[in-house]
Amino acid sequence: MGTNGSTMLEPLRQGLPPLDPSAVSSAASCALPARYEAVGSARQFTRKTLVSWELEERFDDIALVVSELVTNALRHALPADTPRAACPVGSTEDAPVRLHMMRWTSRLVCAVRDPSDDSPVAREEAEDDFSAESGRGLFLVDSFSDGWGWHPLAGALNGKVVWALFQLA
């Protein structure tokens, strides 16, 4: 881990790997309100989606990565004055964060859209201090997925998409 750790997170600003859009077999998305309880909603959505795609055996790794991506979006990508409570459960109007799942024959991509233009940042010390409460999210994403990255949104949409790729058997 030592010398390789600092280079692990360097090639962040990249788009999705080359994927043939015509080969997409399934796609699903859900809007998530600016509340930390949304992480649980994202996990439930992930489980439901994976079951419907007959991929429930991959739930543990994928749900861990989804949880980290959504937590990072809620914790670091929303303006400080974003209201975090009093939003009715199920209310997704103007939801600032959205989870997308796309399945190809041999790959699955989980992508989280958020309103921040700032790049994801991994704390260097996260790799050495596994008891730290924060800073290890991107390390976990890197460890449990087959690849990840991010790219800014184009056009009228502000923000970015952070994605993780999973190879399917």
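**Reading the cores and a buried aspartate**

Guide: The largest nonpolar core has 34 residues. Those with the most contacts inside it are Leu 32, Ile 62, Val 70, Leu 99, Met 101 and Leu 108. This is a predicted model: local features need pLDDT of at least 70, side-chain atom pairs count only at pLDDT 80 or more, and totals for chains, interfaces and linings use all residues. Residues are numbered from 1 along each chain as its sequence is written, and side-chain values use heavy atoms, with hydrogens and water left out.

Visitor: What is a nonpolar core?

Guide: A set of buried Ala, Val, Leu, Ile, Met, Phe, Trp, Tyr and Cys residues, joined through side-chain atoms within 4.5 Å. Buried means under 20% relative accessible area, exposed over 50%, partly exposed in between (1.4 Å probe, protein chains only).

Visitor: Is Asp 114 buried or exposed?

Guide: Buried, with a relative accessible area of 4%. Asp 114 is found in strand β3.

Visitor: With which side chain does the side chain of Asp 114 make a polar contact?

Guide: A polar contact is a pair of N or O atoms within 3.5 Å; within protein, one must be able to donate a hydrogen and the other to accept it, and residues adjacent in sequence count only if both atoms are side-chain atoms. Here the partner is Lys 160, at 3.0 Å. The backbone nitrogen of Ser 116 also lies 2.9 Å from a polar atom of the Asp 114 side chain.

Note on methods. Helix = DSSP H or I, 4+ residues; strand = E, 2+ residues; numbered from the N terminus.
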